[in-house]
Amino acid sequence: MTSTVTVRSDSQFARNVVSYAGALGERWLRDLPRRIEELANHWQLTDITPFENLSFNFVGHAMRAGESVVLKVSWDNAAIQREHSWLCHYAKYTKNMVVPVLSTTEQDAYLMTKLIPGTALNRHDEERATEVLGRCIRALNEVVAPMSDEDLFPSTAVWFSQLQVAGDASKQALGEHIDRAYAISRELLQSTDMRLLHGDLHHANVIRHGDHWLITDPHGVMGDPAHECAAMLRNALHGLHDGIANGVQRRVSQLAATTGLEAEKISAWGYAQNVLSCVWSLDADPNADIAPVMAVVDALYSN
Ligand SMILES: Nc1ncnc2c1ncn2[C@@H]1O[C@H](COP(=O)(O)OP(=O)(O)O)[C@@H](O)[C@H]1O
Ligand SMILES: [Mg+2]
């Protein structure tokens, strides 16, 4: 079986991989067509077609024995295995909540069901999308299940410790936000009921499959349940027709009502996590455009 997948070196995807993974990323990109061919043989895949707008991983749909499947391949083995373990964990304890996993290499790739029609929540009406995300967060939070491999998932404390080593571009652009976000994370983590979070639960990662909205693409991190709301606050900002400040406040209120989590905690984690998100962007690319996320940070600042 042959695959003919090519990746343009000037694509945003290739640039992202190189800015985050450096020389390892360059090698991985060079080797990717060969690796995809190997995986196609391993899983008997045909017609592998990359999705548009890839960001950090190779994701493509394919056919396997008459069934539509999706292949995801990463340069970061630990991250893709966390992702796979998170999906298997929640598949065990929920119904129609997460994308079904079909197989894994236990290294750099896994295979999942292709979600059909596959429309993401960012194509949806703002209020309804927030409602769906709130319900997802509540449902995940209701799972009280033993974790067999807790060591696999880092704590958000590890994420926030990265604020202490933020690069010059981040320090210049974010100033006092960095210390403030770090202090908030430390304070809130002292009284946290740590749970296994998705860690990147936003509109593009919740996808329609038949009658259900299924969760995809988890980071897998241990943290406070209210932290889970932070990723969606910076996404799909085009839906906020009366401005980012009003829209973000409305999202916080709606999420609090749907999830039962405290609005103050949602705001505080939203602020801290979105400062961290700006630092991640600027540390990877000092010219990254953080203006939209900074507008969200500003909207949450006064809370
Ligand atoms: N199982 C799936 N079924 C249908 N589409 C999918 C599936 N998994 C991913 N996609 C599509 O591929 C895109 C990228 O996948 P994702 O896992 O979110 O990758 P990344 O980690 O790069 O964000 C998604 O936004 C979605 O459009
Ligand atoms: Mg994604």
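Two residues count as in contact here if their C-beta atoms, placed from the backbone, lie within 7 Å. I kept that rule beside me while going through this predicted model.

**Entry 1: the domains**

I looked up the domain assignment first. It gives domain 1 as 12-114 and domain 2 as 120-301. I then checked the spacing, and the C-alpha centres of domain 1 and domain 2 lie 24 Å apart.

**Entry 2: where the domains touch**

How many residues of domain 1 are in contact with domain 2? I found 15 residues of domain 1 in contact with 16 residues of domain 2.

I next asked which elements give two or more residues to the side of domain 1 that touches domain 2. They are helix 1 (12-43) and helix 2 (77-93). Helix 2 gives the most to that side, with eight residues.

I also sorted the residues on this side of domain 1 by class. Eight are nonpolar, five are polar and two are charged.

**Entry 3: a helix pair**

I turned to helix 8 (residues 244-259) and helix 10 (residues 291-301). Their axes are 9 Å apart, and the two helices pack at an angle of about 65°. I noted the crossing of helix 8 and helix 10 as right-handed.

Which residues make the contact? From helix 8 I listed Ile-244, Ala-245, Val-248 and Gln-249. From helix 10 I listed Ala-295, Val-296, Ala-299 and Leu-300.

I sorted this contact by class as well. The contact of helix 8 with helix 10 has seven nonpolar residues and one polar residue, with no charged residues.

Notes: Residues numbered from 1 in each chain as written. Chains lettered and ligands numbered in written order. Predicted model: local features only at pLDDT ≥ 70, side-chain atom pairs only at ≥ 80, totals over all residues. Axes fitted to C-alpha atoms, helices over the stretch in contact; angles between N-to-C directions. Helix = DSSP H or I, 4+ residues; strand = E, 2+ residues; numbered from the N terminus. Left-handed = near helix turned anticlockwise from the far one by under 90°. Nonpolar A, V, L, I, M, F, W, Y, C, P; charged D, E, K, R; others polar. Domains from an automatic or database assignment.
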